[in-house]
Amino acid sequence: MNTPVTHARVVVIGGGVVGCSVLYHLAKMGWTDVLLIERSELTSGSSWHAAGVIHTINSDPNIARLQDYTIKLYQEIETLSEHSCGIHRPGGIYLAATPERLDYLKQERAKARYMGLDTEFISLDEAKKLNPLIDPKKYLGALFEPVDGHVDPAGVTHAYAKAARKLGAKVTLRTPVIATRPRPDGTWDVVTEAGIIHAERVVNAAGLWAREVGHLAGIDLPVQPMEHHYLITETIPEVRDFGKEVAVTVDYEGNAYTRQEHQGILLGTYEPHCVPWSVAGTPADFGHELLPPDLERVGDRLQLAFERMPALGRAGIKNVVNGPFTFGPDGNPLIGPVPGLRNYWVAVGVMAGFCQGGGVGRCLAEWIVEGEPGIDVWGMDVARFGDYATHDYGTLKSSENYSRRFIITYPNEELPACRPLKTTALYDRFKARGAVFGVSHGLEHALWFAPSLDEAREEPTFRRSNAFPHVAAECRAVRNAVGVGEIANYAKHEFKGPGAAAMLDRLLANRLPRPGRLALTPMLTARGKLYGDLTVACLAANHFMIFGSSAAQNMHRRWFEQHLPPEGAAYRNVTDALHGLAIAGPRSRDLLARLTRADVSTPAFKFLDIRSLVVGGVPALVARISFTGELGYEIYCAPQYQLALYDAIERHGADLGLAPYGGRALMSLRLEKNWGVWTLDYRPDFTAAEAGLNSFIRFDKGVDFIGRTAALAERARGPDRRLVTLTVGVNDVDVNRDEPIFHGGKCIGYVTSGGFGHTVGASIALGYVPAALAKPGESFEIEILGERRPARLQAAPLHDPNGGRMRG
């Protein structure tokens, strides 16, 4: 730069493919007072040695959409920058060698249908015509994606930077950032060896140095660089003489990916005995170096590839690359504003930068410029992790994810690394009773209970598992008698002060309840999209509690803190300070009456009441509500009282048919009531009207709440689509999520969640379809593991359609 920059609307730290993409998209959206600072040269770190493979397949459909966007973006930036991206598009083949992997590919093909992608199965003979190296006898099936290919990593990174410069953005190189200091007004001083830049916002896109740059702001990002090998062969006659470019190929069971490199092949692998690199921190002087190769560590993986593609085994090795690149705990990026910091953003852990970098840059730019991204980015949101996600957590979970890169993770599978980490007082008690646990926001919670410890494990599968009959028994106990389940994993947000009501009235679309009452309410973005499906309680004048999704608690914390007034209202996330138990079922009132001296009969304690009571000798906050759809109560207490509360419930409920239930039973019971859940059926992809939550919006409450204008406009024109409940004709497999919905042979929607309704004897799916088709009894088809199954729309809940049992 000729003139030193002293102020910028946004400073992006990091000149890899992700940082350059963020810069480009900010400039493209009209923010030209933006600056990228790179400690060395563009591509230093991981970008320069990446394999450059591009593909659309991803288990998260929204991330797959962003990958598709990224691939299609390359022609745009190549044209604008006049710099080659080295685009090769021979298509991609995904090979299955087991029935389970074939089922996985069927699921991926199904998702592609409603995303508008041209992914399709081809014969193994056709696959051989796209890659002459494969041995078709080794495989059961092949999926083809025509847009897949590879790019030149350096070319792409420089094209982003040049395109951004043409739009007015600035780039400065060889300038390490040595400090980031927040100002009282929420802006930042970015300190470099060349001087201080006053930044209105900071974006940490530092790649291998994401942790170190995070430390400058006082945060510990749970990302970990991992060593990764690929090799490049000498010329292979079959490749040289093929006559066209060999398709990019992924052989999952062979644990290998390949693409053509000149007249040879680039072969990469994700070995199970992986090596986290530089756990203590990335060296400041690292840049364009590689790591010593260790072929012995990946030898068994290479041998598998040679068996499946024999020509590889006969080829000489021209070069071996072992370079670090950064993983997140679940393999997805961490992007967005960091909870607890004002105007500090991250775009880190983007291990597939040349597949995802364009989409990440677009979403982050939309978020910064317009206040929200164009699609739901929950799968990448940095707020999906909490303070439990330390550096050690990041190392352990990133290593687990790396080692499983080509291993199927089934929808009912719970991965073991770094567990148990957070537990409640009941963990050991439930484990001794045969509980099988899942984890939400770091906290262990019971999924279901086995009748014996020998049976307390679940077989991973795409179909119904061994848990099926035991979950059914738990559901029957709740419907016929009384069940008890933990609610420590419900999020709780507390608001106090004379300005608390005004703040919440602005954030929530429903009216606030009066003292001692609860209200169900959507929370909307400015565009009218859902940002929360919440229960708000008024505990007293100027004192409120919001109950919501445990997984989304950090996301909601960020939203609440962003809208907190300068004075008059105090906010705390008290999730870890309030644990407790729910009791539900027709005998739950009888049980509660035995546990407290208070009058819990109706109308003394009616539906949607909340009261402070002594329950089982324990001080508790008791809400007359239940997600099971039955008469029920949520009993919240401090963690130190939870064991005593459980003992009292168990003791007094023994002759009432009391049984414990877990999360799987709860998910089955709510399906029977047509109720959606956050992160699945309710999320920022949808509006309240589309989700069927518009009845909880009070447009006449006298407050211009966030999203009101957009929601009013939608009410006037009507929603384009609606969330519906479908019963599905199946045998041993139920929907999970993301299955396409067909009508008249055309894909018109998709499933957001589902399972089996054990007490109504039906397989149930929730999903979105065009509003014109959301008619009672309408017939559809849902593609499940490659087969289209009949489905029929159910307008009313299958269980207690009038809600009499719940309100009684």
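Modeller: Helix 5 (residues 153-166) packs against helix 10 at an angle of about 10°, and their axes are 12 Å apart. Axes here are lines fitted to C-alpha atoms, for helices over the stretch in contact; angles run from 0 to 180 degrees between N-to-C directions. Helices are DSSP runs of H or I, at least four residues long, numbered from the N terminus. The two helices are therefore roughly parallel (under 35 degrees; over 145 is roughly antiparallel, 65 to 115 roughly perpendicular, the rest oblique). Their crossing is left-handed, meaning that the near helix is turned anticlockwise from the far one by less than a right angle; clockwise is right-handed. Helix 5 brings Pro153, Val156, Thr157 and Tyr160 to the contact, and helix 10 brings Phe354, Gly357 and Gly358 (contact: heavy atoms within 4.5 Å). By class, that is four nonpolar, three polar and no charged residues. Ala, Val, Leu, Ile, Met, Phe, Trp, Tyr, Cys and Pro count as nonpolar, Asp, Glu, Lys and Arg as charged, and the others, Gly among them, as polar.

A note on the basis. This is a predicted model, where local features need pLDDT of at least 70 and side-chain atom pairs pLDDT 80 or more, while totals for chains, interfaces and linings use all residues. Residues are numbered from 1 along each chain as its sequence is written, and side-chain values use heavy atoms, without hydrogens or water.

Helix 10 (residues 353-370) also packs with helix 1 (residues 17-28), at about 40° with axes 8 Å apart. This pair is therefore oblique. Its crossing is right-handed. Helix 1 uses Val17, Val18, Ser21, Val22, His25 and Leu26. Among their partners in helix 10 are Phe354, Gly357, Gly358, Leu364 and Ile368. This contact has ten nonpolar, six polar and one charged residues.

Now the core. Tyr160 is among the residues that touch the most other members of the largest nonpolar core, which has 96 residues. Val203 and Ile782 are also in that group. Such a core is a set of buried Ala, Val, Leu, Ile, Met, Phe, Trp, Tyr and Cys residues joined through side-chain atoms within 4.5 Å. Buried means under 20% relative accessible area, exposed over 50%, partly exposed in between (1.4 Å probe, protein chains only). Beyond four places in sequence, Ile782 touches residues including Leu726, Val751 and Arg789. Another core, of 48 residues, lies apart; Phe495 and Leu693 are among its members.
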